[in-house]
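Here is a set of questions and answers on a two-chain model. Look over the sequence and the structure, then read on.

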Amino acid sequence: MRKISELSVRKALLLLTTAIATVGVFLGLPVKKAIAAMQDYRMAPGAAVNQPAARFEVIQPRFVNPTAANLLKIAGMALSDSALAERIARDPEGVAAQYHLSNSERLVLRHMTQEQFQTARTDAAQLAATRMAYRGPMRMPAGATDAHLITAGMIVGRAILAAAGRSYLNASNANACCPWSKAIELGINSDPAYYNAVFARPGMNASQPGMNLEH
Amino acid sequence: MTAKHRGAYWSPAQAASSLVQLAILERSLAHIMAGWAVKMPAFDAKLAFGMQMHRSMERATYLRGRVNGLCHAVAGEATVAAGLRSTLSHIDRAQTPALLVAAIYRFLYPLLIASYETHLSETDPDGDRASVELIRSFLPPLDEESRRGLSLSVEHADNRPWLRELEELWNGRTAGEPLSLAEALWGPVDRVPRAVRPEGSRFGVSGSLGLLPVDPVHDPRDVGMFLHKELDEEFTTLELMARNSYEHPDMAWAFHRDMARQASDEARHAIMIKRLMTPRGFRHGDFALTTSSYDGIYAFEPCAAGSRQELLWRMLIRQTFMEGLAIDNLGYEIEHRRSVNQPDIAAVFEYILRDEVFHAQSGLRWSRELLGLDPQAVLKEREEAIRYFTARAEAARESFVMGNLDQAMGELAAIEAGKEQRGGKLPERPLNRTGRVQAGYTDDDIRQIVSWGYAIDDEGRS
C-alpha cells in the first residue's frame, strides 16, 4: 500500500515536472532551464515536510502599483506595425512620451530591440505550434496558443529581465539590505499542484513530517 | 547523630559505564534535535532545539573526556548495549512534532536527569570528583531546558501509547551487542529538502527577489522588512547547519561541535533580531517568509544526495561564500547604523559579526578538510558550486519574470526606487579584510570573491 502511494506521488511529480517544462517552454525558456528552475522538486520526490502551500505574494513598493499592461499593449501593436517597432528601437523616449509611460516602463521599453522582436516571433511560433499539437484532455485553451500574445509576453518579459539585470550579482545588488542572503528566492513555488502532488497521499497526514520515512 | 552507612561506591569502571550512557544520551539528544529543528513548524521549537543541541553536544563532550579519563589507564573502553541506540533512534522516528516533543521532554529528559542523579548518589564523591562537579553544573540548565521544552507550542494529543512504547524499549536497553560512544549514533532517517514553517505562513515566490526594502536605513517599514529578512536568514542557517550535523554523523566529533555551536549562535541571533523588531512594531510573519537559504542550498543536482560533496557545497556556499559576505556587510552596517543613530541595531550586529567570523572559519576548516587540505581544490570547488548555484538562481529568476510580468515590474520599480535613494549608486560592498583574515580566508580566497564582484577591496586597490 505504502509503495503504491509512493509510486503515485512520483508519477504525479513526474507529470508536474513535465508540465513545468511545458510552461517554461510556453514562457520562452529552454526546457533545461525551465526544469533547472524547478529542480528542487525532483531532488526528493518522497519528501514529506509540512511546508504549507504558499500564497502568491510579492512585496511591492507601496508608492507604485506597476503592471506590464501598457508594455504588453505596445509590444502587441508593434508586432503588427513595423514602423512602431522601428521607432521603439530608434526613439524609445519618444514612444514612452507618446504613451505616457512611467520611469520603469520607459526603462523596459529601452530594452526592446529589433532582434528581440525577431527572436520572440520565432520562439513564439514554435511554441504555439507545439501547444496546438496537444489533443484531447491535454488540449490547451485558445489564449495559450495565441502566437501574438505569446510573442508580446516574451518581448516584455525579456526586456524586464534585461532592465533589472539577469545575473545573480545584479539580483544581489537589488537586495541592498542583505547582500549575504540569497538574492533570488530559490525556495518553494507557489504552484498548488506541487503541494497537492506531495501531500495528497492516501492515509497520510501532511502535517506529520517523517510519515514517509524509510524505517 | 550517626552517619548513615552505605555500601561501596561505584568502581571507576562502573562510573565510566554510567558516564558513557549519559554521554550517549546527550549526544543522541543533540543528534535528534539537529535532525528535527527544520521539521518543527513552530519557531520557538526551532530556537529551543538550536540552543539545546549545542548544550547537549557540549555536555557530551565533557562526559566523553571524563570517560576517557577513567578508561585510559587500563586501556579499557566503556560501552552500552545496542538496545539503548534502538530506543533513541526510535524517538528520532516520531511521527509528529508533538510526539517528538513528548518523547524528548516527557520521556528522555526525566530519564537523563534521573541518570545524572543516580550517578551523583552512587559514584565515589572523592575518586570521581571531576564527574560530580560536572554533573552538578549540568543539572540546573537541564531543569530549565526541560521546563522550556514542556512549554513549546505543539498540537496536543494523547501521547500515552507512544510513551508506553518508549518505556518498553527503554526496559530492553541492556540487550544487544556492546557499542562504544563512537558507534552509538544512527544514520539519518530522512531527507528534508524544504524548511517547515507554521501553517498559514506566507512565502516569497520562487524566482522572485523577495522583499525589496527601498530604504532600509531611514524608512521605518523598510527597516522592519530588513530585520525580517535577517530573521529568516538566522532560522534557515540554524536549520541547515543542524542538518549538516545530523546527516553526517560519521564526521569528526569537532565538526558536530562546530555545527551545534553555529545552530545555537543563529538561535541567539534570531532572538536578538526579534528584540530589535518588537519595539519597532514588527513581528515575524508580518512580511512574506523566505526559506530559500535552506531550500536552495540543501541539495544540488551534481551531488549525490547525502554525499560528502553535497555537504561540501553547502558549506562552501553558505559558510564560506555567503557568510563571508556577511562579515563584509556587517563591518559596514555597524558603522553605518551608528552614524544614523541606530545604536541598538549596531550593537546587535557587533555581536553577530563576532559569531559570523567563527562560522566562516568553521566552513573554511571543514571544507578544506574534505578536500585534503588542498587550497587550490577549495578555490576550484567553490567556483564550481557557486557557478551551479547562481545558474540555478538565474534560471529560477528568468522563469519567474517570464511568468509574472506584473510582479516583475513591481520589483523593477522597487529596484529603481532604491537606486534613486542611493543617488544612482550601487549598494556599498566594502570588503572587511580584517574580519576575513581573522576567519582564515587566504589571499586567494579574498581575490576570488573580489574578482566575482561581490566585494570591493579598497585596501587591495590602493
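Chain B has 16 helices and two strands. Helices (H or I, at least four residues) and strands (E, at least two) are DSSP runs, numbered from the N terminus. This is a predicted model, where local features need pLDDT of at least 70, side-chain atom pairs count only at pLDDT 80 or more, and totals for chains, interfaces and linings use all residues. Residues are numbered from 1 along each chain as its sequence is written, while chains are lettered from A and ligands numbered from 1 in the order in which they are written.

Q: What is the radius of gyration of chain B?
A: The radius is taken over C-alpha atoms, and the globule rule is 2.2 Å times the number of residues to the power 0.38. For 462 residues that rule gives 23 Å, and the model comes close, so chain B is as compact as a globular protein of that length. The radius of gyration of chain B is 24 Å.

Q: What share of chain B is buried?
A: A residue is buried if 20 or more other C-beta atoms lie within 10 Å of its own, exposed if 12 or fewer, and partly exposed in between; C-beta atoms are placed from the backbone. Chain B has 462 residues. The buried share of chain B is 53%.

Q: Which helix gives the most to the side of domain 1 of chain B that touches domain 2 of chain B?
A: Chain B is divided into domain 1 (12-181) and domain 2 (220-461), with bounds from an automatic or database domain assignment. The contact (C-beta atoms, placed from the backbone, within 7 Å) takes 15 residues from domain 1 of chain B and 20 residues from domain 2 of chain B. On the domain 1 side, α1 and α2 of chain B each supply at least two residues. With nine residues, the top contributor is α2(B).

Q: How many residues of α1(B) are buried?
A: Helix α1 of chain B covers residues 12-36. Its end-to-end reach is 36 Å, close to the 36 Å expected at 1.5 Å a residue (1.5 Å times one less than its number of residues). The helix is mostly covered, and its buried count is 21 of 25 residues.

Q: Is A75(B) buried or exposed?
A: A75(B) sits in the loop between α2 (43-71) and β1 (80-81) of chain B. Its phi is positive, about 50 degrees, although it is not a glycine. Because 6 other C-beta atoms lie within 10 Å, A75(B) is exposed.

Note on methods
Contact = placed C-beta atoms within 7 Å.
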